[in-house]
Amino acid sequence: MSSALLPSSVAPTVPQGRFWALVPCAGIGARAVDPRAPDAALPKQYQPIAGQPMVLHTLAALAGVSRLSGILVAVAPGDDFLRAHAHPAFFPVACGGPTRADTVLGGLRALRERGAGLQDWVLVHDAARCLVTPEQVDRLIDVCAGDGVGGLLAHKVADTLKTSTEGPGGIRVASTVDRSDKWLAQTPQMFRLGPLTAALEQVGASATDEASAMEAMGLHPRLVPGGAQNFKITYPEDFALATAVLAQRAHGATLERFGGDRGRGAALNAKKTIF
């Protein structure tokens with residue numbers, strides 16, 4: 001095992017490295033979209049929430065993290081949706097693949113081609129987690145920047161967990177699971193570019209998230225408390241909940257960066273990526 005993959009307890013000191021965000025944005029998310037919706041043909045990440053495409057809320061939050069050197073959005077080949085929302089805060093690359101792991105790998109390779117180092121940190125964040133806050137991302141960086149493995153935002157399970165059994169009488173409870181050590185994985189998930197690339201190349205499409213790929217290499221990513229509002233838009237009813245949260249926040253960051261005249265004005269003064 002290379003030194004870059006050693007657990008934090010034995011990993012040598014390595015350079016700090018820069019911080020990058022990578023947003024996989026190549027999926028469809030069909031189960032989240034109500035077929036009766038006016039924009040039903042659009043992929044989930046481009047569906048409107050509070051008057052803006054979902055992914056713009058996500059990108060606005062990441063753009064509020066000053067330590068990020070750049071935000072790469074990994075889109076599917078031929079996807080030019082973000083061209084109409086071009087902004088120096090992010091950079092779309094048509095490197096998406098058939099699975100999340102393929103898309104993230106494509107994004108990691110694109111970052112490498114654009115000058116990112118193997119020891120740089122990459123924060124992979126779901127396009128559909130549009131309620132993450134810059135403060136949560138900064139907390140993840142603060143906790144994990146000195147860690148030998150990396151980590152992820154996660155939310156401790158609050159509900160009682162049941163296992164089930166299915167038979168002629170329907171689906172019934174089989175047992176109650178101890179929830180004291182159970183967490184819901186969220187994003188961003190933050191790992192160094194080199195070790196994460198190696199893990200995804202070895203594990204392949206069976207990796208449901210970046211942390212599971214690192215776990216398959218024998219590593220133990222750090223859990224950093226996120227929050228209940230950092231949920232992933234998965235079902236049609238999630239849109240209403242996300243809209244309510246953004247309304248309560250007044251979604252000022254998204255409007256400031258990407259909305260109307262305010263967005264155009266902000267674009268003139270925005271920090272450019274190195275791409």
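This is a guided tour of one predicted model, stop by stop.

Residues are numbered from 1 along each chain as its sequence is written.

**Confidence.** Colour the chain by pLDDT, the predictor's confidence in each residue from 0 to 100. The mean is 88, and 85% of residues reach 70 or more. Select residues 1-14, where pLDDT is below 50, and then residues 261-275, where it stays under 50. Where pLDDT is low, the predicted coordinates should not be read in detail.

**The sheet.** Next, select the seven strands of the open sheet, in the order β5-β4-β1-β6-β10-β7-β11, with mixed pairing. Strands are DSSP runs of E, at least two residues, and helices are runs of H or I, at least four residues, numbered from the N terminus. Two strands pair if DSSP finds at least two bridges between them. The edge strands are β5 (91-93) and β11 (222-225). Strand β7 (residues 150-156) runs parallel to β11, joined by four bridges; L153 has V224 as its bridge partner in β11.

**The cores.** Finally, select L59, I71 and M190, which touch the most other members of the largest nonpolar core, a set of 33 residues. Such a core joins buried Ala, Val, Leu, Ile, Met, Phe, Trp, Tyr and Cys residues through side-chain atoms within 4.5 Å; buried means under 20% relative accessible area (1.4 Å probe, protein chains only). Helix α1 gives the largest share, seven residues. Another core, of 28 residues, lies apart and includes L105 and M217.

Conventions: Predicted model: local features only at pLDDT ≥ 70, side-chain atom pairs only at ≥ 80, totals over all residues. Heavy atoms only, no water. Contact = heavy atoms within 4.5 Å. Buried < 20%, exposed > 50% of the residue type's maximum accessible area, 1.4 Å probe, protein only.
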